[in-house]
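Dear colleague,

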Amino acid sequence: STDKSFESSSGTCPRAELAQIARDALVENGEFEASWDMNVQEYTDGYWFALAQLFGPSRPNIFIRWEFSKYILWCENCDTVKSYFDGSPAEDKGKWVNWKMQFKLAQSDGYLRLYKDGVKVADVAGKTSNGGTHYFKQGIYTQHTCDNVQDTTVLLSNLSIKDVSGVVVV
């Protein structure tokens with residue numbers, strides 16, 4: 001790959017991602033929904049990557065990942081850390097898949113509900129935040145060491161992030 005880390009001193013592996021400009025739009029105790037369509041065009045079997053993330057400077061980070069031959073909703077420091085669900089990039093290759101995540105970021109009564117093509121695949125309740133704000137980002141970025149980067153190509157379309165009243169969150 002010809003992708004490089006953002007800074008030469010960064011430990012970040014090559015990646016391609018889209019992120020919200022407003023880094024403080026997803027406030028604690030707010031209820032939101034992010035949805036998007038994804039089409040895996042190229043995938044190397046055995047490669048691990050994240051395909052979406054709710055990122056917060058005060059943690060926890062919440063990922064939708066592919067690792068160890070499983071999809072996973074992974075929430076650092078949440079009451080439920082990992083929720084595995086069926087499917088694979090190899091099975092999804094060449095198909096448009098609709099993803100939707102409904103979430104409330106809270107220190108005690110939060111939730112994460114993940115849908116793949118309209119079917120609920122993960123449902124987490126309890127702690128989903130240590131407080132503070134988060135922002136949404138998506139793309140493909142490696143979860144391997146930087147010396148094991150593989151070609152993975154995805155198309156992304158129809159990204160929408162809104163609050164529960166339907167107001168678009170930028």
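Which residue in S9 is the bridge partner of Arg113? The partner is Asp123, and both the sheet around this pair and the charged contacts are described below.

Before the details, please note that this is a predicted model, in which local features need pLDDT of at least 70 and side-chain atom pairs count only at pLDDT 80 or more, whereas totals for chains, interfaces and linings use all residues. Residues are numbered from 1 along each chain as its sequence is written, and side-chain values use heavy atoms, with hydrogens and water left out.

The sheet

An open sheet is formed by 5 strands, in the order S9-S8-S7-S2-S11, with antiparallel pairing; strands here are DSSP runs of E with at least two residues, helices are runs of H or I with at least four residues, and both are numbered from the N terminus. Two strands count as paired if DSSP finds at least two bridges between them. The edges are strand S9 (119-126) and strand S11 (153-163), each of which pairs on one side only. On average, neighbouring strands of this sheet are turned by 15° against each other, direction ignored (axes are lines fitted to C-alpha atoms, and angles between N-to-C directions run from 0 to 180 degrees). Strand S8 (residues 110-116) is joined to S9 by 7 bridges, and the two run antiparallel.

The salt bridges

The structure holds 4 salt bridges, a salt bridge being a side-chain nitrogen of Lys or Arg within 4 Å of a carboxyl oxygen of Asp or Glu. One of them joins Lys162 to Glu33, with the closest N and O atoms 3.9 Å apart; this pair links distant parts of the chain, since Lys162 lies in strand S11 and Glu33 in strand S2 (residues 31-42), 129 residues apart. Lys162 is partly exposed at a relative accessible area of 29%, whereas Glu33, at 18%, counts as buried (buried means under 20% relative accessible area, exposed over 50%, and partly exposed in between, with a 1.4 Å probe and protein chains only).

Another salt bridge is made by the side chains of Asp92 and Lys116, at 3.0 Å from N to O, and it connects helix H1 (residues 89-92), which holds Asp92, with strand S8, which holds Lys116, 24 residues apart. Both Asp92 and Lys116 are buried.

Asp123, the bridge partner of Arg113, also meets Lys120 in a salt bridge through their side chains, at 3.2 Å from N to O. Here Lys120 is partly exposed, with a relative accessible area of 42%, and Asp123 is likewise partly exposed, at 46%.

Best regards
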